[in-house]
Number of protein chains: 4
Amino acid sequence: MKIGIVGASGYTGLELVRILAGHPKVEISSLTSERFAGLAISEVFPSLKGFVDLRLNELSVHRIAREADFIFTALPHGTSMGVVEELIKRGKRVVDLSADFRLKDPDVYERWYGKHSCPYLLQEAIYGLPEIYREEIRGGRLVANPGCYPTGTILALAPLLEERRISAAGILVDAKSGVSGAGRNPSLANLFCEVGEGLKAYSVARHRHAPEMEQELSFRAGDRVKLLFVPHLIPINRGILSSIYARVDGELSTEKAYDLYRRRYQSEPFIRICPPATFPTTGEVRGSNYCGLGVMVDETSDQLIVIAAIDNLVKGASGQAVQNMNIMCGFPETMGLEQIALVP
Amino acid sequence: MKIGIVGASGYTGLELVRILAGHPKVEISSLTSERFAGLAISEVFPSLKGFVDLRLNELSVHRIAREADFIFTALPHGTSMGVVEELIKRGKRVVDLSADFRLKDPDVYERWYGKHSCPYLLQEAIYGLPEIYREEIRGGRLVANPGCYPTGTILALAPLLEERRISAAGILVDAKSGVSGAGRNPSLANLFCEVGEGLKAYSVARHRHAPEMEQELSFRAGDRVKLLFVPHLIPINRGILSSIYARVDGELSTEKAYDLYRRRYQSEPFIRICPPATFPTTGEVRGSNYCGLGVMVDETSDQLIVIAAIDNLVKGASGQAVQNMNIMCGFPETMGLEQIALVP
Amino acid sequence: MKIGIVGASGYTGLELVRILAGHPKVEISSLTSERFAGLAISEVFPSLKGFVDLRLNELSVHRIAREADFIFTALPHGTSMGVVEELIKRGKRVVDLSADFRLKDPDVYERWYGKHSCPYLLQEAIYGLPEIYREEIRGGRLVANPGCYPTGTILALAPLLEERRISAAGILVDAKSGVSGAGRNPSLANLFCEVGEGLKAYSVARHRHAPEMEQELSFRAGDRVKLLFVPHLIPINRGILSSIYARVDGELSTEKAYDLYRRRYQSEPFIRICPPATFPTTGEVRGSNYCGLGVMVDETSDQLIVIAAIDNLVKGASGQAVQNMNIMCGFPETMGLEQIALVP
Amino acid sequence: MKIGIVGASGYTGLELVRILAGHPKVEISSLTSERFAGLAISEVFPSLKGFVDLRLNELSVHRIAREADFIFTALPHGTSMGVVEELIKRGKRVVDLSADFRLKDPDVYERWYGKHSCPYLLQEAIYGLPEIYREEIRGGRLVANPGCYPTGTILALAPLLEERRISAAGILVDAKSGVSGAGRNPSLANLFCEVGEGLKAYSVARHRHAPEMEQELSFRAGDRVKLLFVPHLIPINRGILSSIYARVDGELSTEKAYDLYRRRYQSEPFIRICPPATFPTTGEVRGSNYCGLGVMVDETSDQLIVIAAIDNLVKGASGQAVQNMNIMCGFPETMGLEQIALVP
């Protein structure tokens, strides 16, 4: 199968190339980049030399549709939708890594991102979280790859909300992210010296990933879930640690909560549950497609604590995108994704 | 005034020396270290060369009592109490940076740290948070310097609890700390490669600083405060960012919460309030004695978010210790502490 | 004395403000910034709140000449010279932190930076390395503050070249710099993720600081010095470590080399010599105006190794600029610069 | 083939497990660790969960000889030799990652490391740098895996010394290493706060890897090579960048030097030559078995600059060890080692 990647010179684009280069069933055949068009991708990223030396071209839907069967779009939101619509019209299957097809309600999309140009595709698009929508993904032609923050949070909360073990109100997500989540465009805020040896919160209670989480968690709960989402920027390259707090509904011990997670995810290849009252670190998933989950109930406060750790560029973006492709195309779901985390 | 520092070769010891070397009213006259006894402190820390070149001695209460009028003890908990008791007996004034005199109830101390050898001093010891106990500190001879986590959290919550604007139950503290908080003793967990390029939670809902916070916050609230405290380790040297979540009691807007903080802390020299709905970073307090506070009310969830940023070695330890000394001795409170943060 | 800072919103501008805010003989009265004009500098850098809250204005030579007696220009090379010329014409004294007045030969300037608009000022400008040009600086009205790399390297090599103890040919400077040396303008190369957890050489044998070093070292040697300069970028905020290698001319032991440094710099307030065959670290000078030097002769290879450590923003830029101002104005040379390094 | 790893709970041990777990021709069957004996290796390193869950045992030569056919020893020098001797006696093939079998001359070994207990094995042991000793490795039963610093340096200098294009005297190696090279034993010097946000040289001209480099480079040159080796510690987890300086012997342009490298390494699977006068970074080899090389001749000084970048834990240790195993056992040389570097 021939693969096209639109927006290959960003971090998620690079990560797609890294993963797909080792995938036995596909061949990367078309890459685009506006900034580096004309160069080989291995000139932009020397780590790829000898693996993928394809030239980067300016985006032409016509060309990419001719050169590739299956396309990953890794463009900024707003820019992506037009390209995706054209590719779908040409009969291509697409995994879109932008935010453009994640929200079902065009009004919600508009409030957070601006006017949507092809709202009719929002209903068709499948939210690409395999642990929840595996069956729908299987037949899909357009998969909206989840945001990095939503991936960890939804995976952490789904077992509890599905079983009505926590209350749908008062959920709090305190997330800490490495800097690669901000992308590869030069900006003052992401300069080394603005981030290094420091900690800060940003977009407190106003981050665009909140409506995405609320949409999916409400589906899980069968009820309107509201959450308070507070992201923080941490001086590391990769990794998101989401510390999530919820009020227990009824009785729930740490052990029982743990069992609930074990049962829910027992056959999931990329979910790793920590022993009761122990928690995952981002180090142990770095460079891998795993989501680590740890759970504990604090019985004095009746608060449940669940912590999720992912590599934001793998399970939080490109690894999950390949997982989606595997499911869409009938390949083994873990194909190309068996890499062990890089520690230290 | 002659100053002794017991345990001068750890990070808080070094930081005391750094600050006191520039203090116009004192002279450092006695330093102890078990590990580096016999060396000049400037051989252990070349940054001090030319400023403080005093020799480190093994601890002898007799000797330090002879050489110094005012003593800072920067020893591990458990070890500190015996030394402090002896110094107090010899008529010295002491600021103790360990946990040994922070808790009022000897049973609580015992549960978290082990048996206390001089519980009669617990009542006399003053909890050294000047923004709360300034008057008591003034006449004190034994000040228990607050823990690094409690400092930021208590300063962040006091204005709200004192005015009963948040509920005493359900408070959540998600704190992120640099590694210097763990001290300077070699340990696997604090090796560069165990921490670098990673994120983790630790001592979840079980950290020893929780009872200290609860004690002081309960005093503020005039009610039993319980909180859920979840610390995280972050790959930076200095800084604690505490993101604190509480349920608003009654009505409270961001603006009103902000006003409340402004009023409460208006004459405090080391508290810096951010404009409404903006938040401090650890970078902007690095190396300084400031505590930055930012507040926001999320009206959809009725959650109040307050974020505190301190340098754990300054306002969270040695800077605050000097602030306490200044108050105890009638020096201007900011003396020796006027340093602007080092950015970047 | 009233101080103006042109280009106050970059890292060297901020560092000037930080240092000068604590200087007892001056008052900051005028600040410019193109990007942040209209904001208070403490809105751009909250660390300054309560210390310096002056408004940033767009650059107007007229205005700054009216508001200030003594001016620091912290603009990019090429932009600086015109402003400096105007200020000098208006009778102001200036320390220029750009490269515009460091090179004596306008042709050399042109080869590396482009056409010079006021070459007649190159001869008047004094190269602001106090350890070498103290007397000249005293009477000067225009001081060209040295580059960050040249500062450490010239201080490291001067004692040996002045005494003809190393050969003027074959000197090699392998320098490692933190990222703040690259300034605060957004660029792909200085994004956190491009630098973090990595090491690279750049501008190998082609860096613009090489001619500046060669000019000054040739003056020291009384002979044409050529050196090979290889800078590296390291994921830290502050600090330059320059490892310098030279061929011993005649006989020289480590002890004798050490004595030579001790003698040359014995009354220098900001030079710190390590014991023989031991070396400084950047950590021990971080945030301070010190230059640490360590020397060793490898007798098997007859190579002399000297390592210099500075904080590139202090002794490598703004601290040295203030040191120059102190000398120019007859203030005590260390005034405002007595700060101990921040460790860790 | 059944694999034993002695010393599996250090960083090189972990890295061996990570790589071998994905190797199609081997099965890890025996692991030892003194500190963590009794635990599963995946309890020590959760990143391995589901991949390798084998229990760690205390070292017993008898047991490991029974359980494994091929053994990697990753013990401290001095400890390793006895174990290796026993394993060889039992007919096992061994790749030893310690320094114990790298030096041919027992006197040199003794000077740097202490008395050798089985010097007769030094002659048999093959220095495991496949780019040089591939044929010898093929038939070997004991391979001494090169040190991390020597690997990059020897690969960088071999083409020039073999062709007599640089002089054997006056070679200078300024190396910068991440902290994982120091191993996983708790020590003050490698604590996060002792290394973070800092730079330092260490073991200047006295590092134990110098005699190893000199031995191998002398073989390459057919002449006694002396070099000056100056290592530096950098706050990153992984990576060594070695900047190497040598005097050109005769005439040599950058282009010709580049051609020489291309020719020498044209069929090497793990050597990557940068375009002339451009240089590799550690980022582009992180987590991979590549050695990046870049070369330039500075014609003004007749100095040749060659820079080598490796991941110290992969090509500098465990990856190279697996490469050696592949050659020893007749497996394809790149088997299990095809991983692309993790960027960023």
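Which residues do ring pairs link into a cluster? Let's work through this predicted model together, where local features need pLDDT of at least 70, side-chain atom pairs count only at pLDDT 80 or more, and totals for chains, interfaces and linings use all residues. Residues are numbered from 1 along each chain as its sequence is written, chains are lettered from A in the order in which they are written, and side-chain values use heavy atoms, without hydrogens and water.

**Exercise 1.** Find the members of the ring cluster.

*Solution.* Rings of Phe, Tyr and Trp (its six-membered ring) pair if their centres lie within 6.5 Å; planes under 30 degrees apart count as stacked, over 60 as edge-to-face and the rest as tilted. Ring pairs join A:Phe51, D:Phe270 and D:Tyr290. Next, look at D:Arg272: it lies over the face of D:Tyr290, 4.0 Å from the ring centre (the cut-offs are CZ of Arg or NZ of Lys within 6 Å of the ring centre and within 35 degrees of the ring normal).

**Exercise 2.** Classify the pair of A:Tyr149 and A:Phe229.

*Solution.* Start with the search of the whole structure, which finds 26 aromatic pairs over all chains. In this pair the centres are 5.0 Å apart and the planes stand at 70°, so it is edge-to-face. Then check burial (buried is under 20% relative accessible area, exposed over 50%, partly exposed in between, with a 1.4 Å probe and protein chains only): A:Tyr149 is buried at 2%, and A:Phe229 is buried at 1%.

**Exercise 3.** Describe the pair of A:Tyr290 and D:Phe51.

*Solution.* The geometry is edge-to-face, with 5.9 Å centre to centre and 75° between the planes. Finally, A:Tyr290 is buried at 12% relative accessibility, whereas D:Phe51 is partly exposed at 27%.
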